[in-house]
Amino acid sequence: MNAALRYGNLALLALFPLAWFAPLLRAGIDLPLFGLSEISIISGLQALWQSDVYLALLVTVFALFAPYLKTIGLALLDFGLLSPRALPALHLLGKLAMADIFLIALYIIVVKGVGLARVEVAWGLYLFTACILASLAISLRHRHNPPNPPDTV
């Protein structure tokens with residue numbers, strides 16, 4: 001089980017960036033001639049960078065960098081490449097990570113936006129949700145049961 005979580009955490013290193021670029025939603029005006037635009041995390045951040053640079057920087061740090069750095073740190077810890085003394089810093093990164101809050105806000109937007117526009121959930125939202133839930137589960141495992149370094153040959 002411990003090995004499965006180790007490799008699951010490594011899988012998150014590839015799946016998080018994929019989820020950032022994957023289409024989360026297809027949205028547009030609910031009229032026949034208008035197509036739906038695909039919205040991803042990265043395209044949403046790009047739009048935010050054009051309107052409010054400081055908010056975009058804040059969201060980028062807390063929604064992308066903090067959770068990814070936490071995942072890297074936990075992977076290094078799992079494979080004995082980082083001291084267990086770094087665990088409190090990784091927990092702090094986890095608290096700073098806003099990816100789960102971003103996900104909840106996205107679901108609220110989907111529910112509220114249905115009246116005026118057409119919003120369809122895309123496969124990237126499921127992938128991003130799975131990444132967040134897996135990251136939270138792995139973090140909880142580290143909090144309650146710090147990993148032992150893997151055996152070396």
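1. A word on terms before anything else: helices (H or I, at least four residues) and strands (E, at least two) are DSSP runs, numbered from the N terminus. By that scheme, S139 sits in helix α6, residues 123-144. Keep in mind that this is a predicted model, where local features need pLDDT of at least 70, side-chain atom pairs count only at pLDDT 80 or more, and totals for chains, interfaces and linings use all residues. Numbering runs from 1 along each chain as its sequence is written, and side-chain values use heavy atoms, with hydrogens and water left out.

2. Staying with S139: this residue counts as buried because its relative accessibility is 13% (buried means under 20% relative accessible area, exposed over 50%, partly exposed in between; 1.4 Å probe, protein chains only). Leaving aside residues up to four places away in sequence, S139 touches K70, L74 and H91 (contact means heavy atoms within 4.5 Å).

3. On to charges. Searching the whole structure turns up two salt bridges, a salt bridge being a side-chain nitrogen of Lys or Arg within 4 Å of a carboxyl oxygen of Asp or Glu. One joins the side chains of R26 and E38, at 3.2 Å from N to O. R26 belongs to strand β1 (residues 25-29) and E38 to strand β2 (residues 37-39), so this pair ties together parts 12 residues apart in sequence. R26 is partly exposed, at 25% relative accessibility.

4. The side chains of D78 and R141 also meet in a salt bridge, 3.3 Å from N to O. Here D78 lies in helix α3 (residues 53-78) and R141 in helix α6, so the pair ties together parts that are 63 residues apart in sequence. D78 is buried, with a relative accessible area of 0%, and R141 is buried too, at 13%.

5. W49, V53, L57, V61, F65, L69, I72, L76 and L81 make a nonpolar patch of about 790 Å². Patches take residues with over 30% relative accessible area and no salt bridge, joining like charges within 9 Å and nonpolar side chains (Val, Leu, Ile, Met, Phe, Trp, Tyr) within 5 Å; the areas come from the Shrake-Rupley method with a 1.4 Å probe, and for residues only the protein chains shown count as cover. Helix α3 gives the most to the patch, seven residues. V53, in α3, is partly exposed at 44% relative accessibility.

6. Last, A19 in helix α1, residues 2-21. A19 is buried, at 0% relative accessibility. Not counting residues up to four places away in sequence, A19 touches L24, I41, L127, F128 and C131. The C-alpha atoms of A19 and I41 are separated by 7.9 Å, with the two residues 22 apart along the chain.
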